[in-house]
Amino acid sequence: MSSTSTSFPEQACLDALARPGLPDLLPDEAFGRLTRLAAQVFAAPVSLIMLASGQEPQLASRYGPALGGLPTSLARGTFAAGPDRPGQVLSIPDTALDARWRGEGPVAGQPRPRFYAGAPLRTPGGQVVGSLCVLDTQPRSPLSPAEEATLEGLAAVVMDAVVQRVSGLALQQMQAQLARKRQHIDLILAKTGTALWSLDFASGAVEVQADLSAQGLPEEYAPTTVQALLEIVHPEDRPRAYAQMRRAAEQGTDYELQARLQLPGGLDLWTNSRGSVQRDRAGRPTRLLAVTTNIHHQRETELALAESEATLRQIIEKTEDAIYIKDVQGVYRLINPAAARMMGACPEEIVGRSDAAFADERQTERLGQIDRQVMDQARSVVYEAPLAYGQPDRTMLTSKFPFVQADEIRGVIGISRDVTVQKQLEQALRESNVQLERKVEERTRSLEDLNRQLQHDALHDALTALPNRALFTDRLEQAIRRRENSGNNTFAVLFLDFDRFKLINDSLGHAAGDELLLGIAERLRAHVTSPHTVARLGGDEFTVLLEGLHTREEVRQQVWSIQQALAPAFQVSGQDLRVTASIGITLCDQNYSRAEDVLRDADIAMYRAKTQQKGSFAFFEPALLERQVALLNLQQDLRQAVERQEFRIHYQPILRLEDRSVVGVEALVRWQHPLHGLISPAEFIPLAEESGLICDIDLWVLRGAARQVRLWNAGRAAPLTLNVNLSAQHFEDRRVVGQVRAVLEEEQFSPALLHLEITESLLMARQAHTVEMLGQLRALGLAVVIDDFGTGYSSLSYLQRFPLDGLKIDRSFIATAQWQPEVLRTIVQLGQHLKMYTVAEGLEDEAQAEQLRALNCEYGQGYFFARPLPAEDLGELLRLPEGPAPALTGE
């Protein structure tokens, strides 16, 4: 195309591309963004922009890796069009099947493209000067029409970037022409404080003739190109400036623009520009002549006013208060949404109308009178009245004051707030105060009653209504003070703890336990009368303060009397329960000065009674306190004993009663204290239970005993079984199954030879959990045996629920077997019925062993056969005749 028929930006673009090499000022950054965008839009690894610079195509921008084997026709856009679609998008699904690609050889190290899609780059006049294309190393489907349109759109954006950048270069040429006229125009404009500038559409040159200081610019800021001119325009206004210039250049329209110029130091200057287009003889636009005027102060004033108006309007529209303005005729001129809602209409329906359109005649007259009063007296009015617009149950608080403009009253401004809820609350508050005054006296009387009840509750047990610890301690302190003052006041304190009460709670439930405690409290209350005091300290612990008793014998008689009162069975949950109490007694002859010391010593005496038979009592002696301290020291030593490995394992043989052959051993732990020698398990096992060390001790015993019995079994035809006690605390930790399995595997001990002994009380607590844990243990192949059977509350129905293999009959039944053989016979038959083997513990003589054998009890152990012995001392017994290994069931 000739320059005479080509627009100025297009011709400038063609001229720039015609020069050898790409112009230095091509928009490289924009090209990079566009190629990246094209690759992302079409999910292609490579995107190219090719331009025809001179005679050789050149790569203007590439996104993605370099590809080999590209046709040279790619650059000129001829490859971006098919023969049947000249100048349009070309899409080649597989270049390996396209003849135009066959002549291009591969480049070493570079993959060859297999998919191609390209759109031509056209100047505004339609001339193709390059192409935008996307490529893939894998064949793909042809582009859809929508995708072709997208690629053409991106190509148009690329060309716009080229035209915009090259146009700036062309405009620089116009600056030289404008400079010739600059001096003449500057003289004129210096007097007017304006700037005259011209833009040559063909070259893009800008000439400025002005006193730049009048615009706040130094002389060196005078732009000489259209690009430089646009650069001093604020970025937000720049697109409008460019659009105005472009329309002037292309359509010959006048130039009108309000825009900000960027001054040195970051300041902005508002200006107003007006210009006309010069045309050549053919009527084509060639130049823009414009005048720019400084309107900064005017513009700032306008913006401040607009911002203030916008803020005020936002406040008026968002507030929940009704705001409105009426003129002197009562016609609404402004109304906010809240006021419109109050009147039941929208703002557009209200503005231009008066209250007569929305309220009845009476209300309209009332509102008019108030408005005239405000305007006539030129003062504000505040009043409260029902809503005038159809909802008289709503109460409005209204303020009205004159609307003044130019020192003249032009109407009324009103602000109304709905105070209905507030008024209702005030009325409700008044009524509430009246009711409150009536209730104060009632509440005062109730509080006095409640205070008396609270005082009673603070000093009495919530369950039994007996005196609690606080009241008992107070009465005990009084008894101590009376003895100190008179010297002849005598008293004794009994500390009662009911034996095996926890088992009742665990087996029958806490409700049954509470029912039993109520029965105990009732009997104690009936038996212990004034001046004595009976109290419940908590749980199953009761105390009794006996006053006026002078001798131990009198106290002993009173204790026997209490035990007799508790002896009859209690009816609990439909069952007969008999309970015994271990009772500790302390007397006033110990010269006590504090109640807590009396209770401490009675508690110590109670624990002494518990070591005797159930239902016993014991008097406190100073030696018991010394023993209590010794037990505390012993508990501390017990922790160190675990670390120092002071424990020893003794073994007691288990014999088959039929032939007196040794079939197994029970492993029993002993403590070899470095100072006190061998300590009985009866002393340290309860301490180990309390301190939580019992689990570690049990596992230590299991490991050592398994190792020893495995050595013994190495020379035996019939292997010995091993019985090991397992504390109930293990069943609070699910790890016990894995711990037992690990010991058996590490010691290579057969699970079939291991019998774990558990207490009967364990079966009564957390039954579902216990059944699950026992099942997991038996799944290892070992046996589970109940130790000391008959001392708990289990029954046939309970035993049937649990996976058990044997019963060890408690030694207390063996001791009374001569007089009560029926109990033993019942237990043995129970085991046979449940297919469990039975073991008699505590056999002391030949008569007991023979009686148990006659009752079909299968196994026995006790001092009659052998005491628990260290491993080295048990060898002689193990050389007794061997019998077959015991079965795991009673079959």
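Strands β24 and β25 (residues 677–679) pair in the antiparallel sense over 3 bridges; two strands count as paired if DSSP finds at least two bridges between them. Helices (H or I, at least four residues) and strands (E, at least two) are DSSP runs, numbered from the N terminus. This is a predicted model, in which local features need pLDDT of at least 70 and side-chain atom pairs count only at pLDDT 80 or more, while totals for chains, interfaces and linings use all residues. Residues are numbered from 1 along each chain as its sequence is written, and side-chain values use heavy atoms, with hydrogens and water left out.

**Strand β24 and its partners**

- A hairpin of 3 residues joins β24 to β25, and glutamine 672 has leucine 678 in β25 as its bridge partner.
- Strand β23 (residues 647–656) runs antiparallel to β24, and 10 bridges join the two.
- Leucine 655 stands opposite valine 662 of β24.
- The hairpin of β23 and β24 has 4 residues between the strands, and arginine 660 in this hairpin takes a positive phi near 60 degrees.
- With strand β26 (residues 721–725), β24 pairs in the parallel sense over 4 bridges.
- Glutamate 666 has asparagine 723 in β26 as its bridge partner.
- Strand β24 (residues 661–673) is mostly covered, with 12 of its 13 residues buried. Buried means under 20% relative accessible area, exposed means over 50%, and partly exposed lies in between (1.4 Å probe, protein chains only).

**Helix α17**

- In helix α17 (residues 681–691), the residues Phe684, Leu687, Ala688 and Ser691 are buried.
- Seen down the axis of α17, these buried residues fall within an arc of 105 degrees, so they line one face of the helix. The arc is that of the directions from the helix axis to the C-beta atoms.
- An α-helix has 3.6 residues a turn, so residues three or four places apart point the same way.
- The exposed residues Ala682 and Glu690 are on the face of α17 turned away from its buried side.
- Serine 680 caps the N-terminal end of α17, with a side-chain oxygen 3.1 Å from the backbone nitrogen of alanine 682. A polar contact is a pair of N or O atoms within 3.5 Å; within protein, one must be able to donate a hydrogen and the other to accept it, and residues adjacent in sequence count only if both atoms are side-chain atoms.
- Just after α17, glycine 692 takes a positive phi of about 80 degrees.

**Aromatic rings**

- The structure holds 12 aromatic pairs. Rings of Phe, Tyr and Trp (its six-membered ring) pair if their centres lie within 6.5 Å; planes under 30 degrees apart count as stacked, over 60 as edge-to-face and the rest as tilted.
- One of the pairs is phenylalanine 647 with tryptophan 700, which is tilted, at 6.3 Å centre to centre and 55 degrees between the planes.
- This pair links distant parts of the chain, with phenylalanine 647 in strand β23 and tryptophan 700 in helix α18 (residues 694–713), 53 residues apart.
- Phenylalanine 647 is buried, with a relative accessible area of 6%, whereas tryptophan 700 is partly exposed at 33% relative accessibility.
- The rings of tyrosine 837 and tyrosine 859 have centres 5.6 Å apart and planes at 90 degrees, so this pair is edge-to-face.
- Tyrosine 837 is in strand β30 (residues 837–840) and tyrosine 859 is in strand β31 (residues 859–860), 22 residues apart.
- Tyrosine 837 and tyrosine 859 are buried.
- One aromatic cluster is formed by Phe647, Trp671, Phe684 and Trp700.

**Charges over rings**

- The charged end of arginine 552 sits over the ring of phenylalanine 619, 4.7 Å from its centre. A charge sits over a ring if NZ of Lys or CZ of Arg is within 6 Å of the ring centre and within 35 degrees of the ring normal.
- Arginine 140 lies over the face of phenylalanine 115, at 5.0 Å from the ring centre.

**Backbone in the loops**

- The peptide bond from serine 530 to proline 531 is cis, with omega near 15 degrees.
- Proline 531 is in the loop between α13 (510–527) and β17 (533–538).
- Aspartate 407 is not a glycine, yet has a positive phi of about 60 degrees. Aspartate 407 is in the loop between β14 (395–405) and β15 (408–418), and is exposed, with a relative accessible area of 79%.
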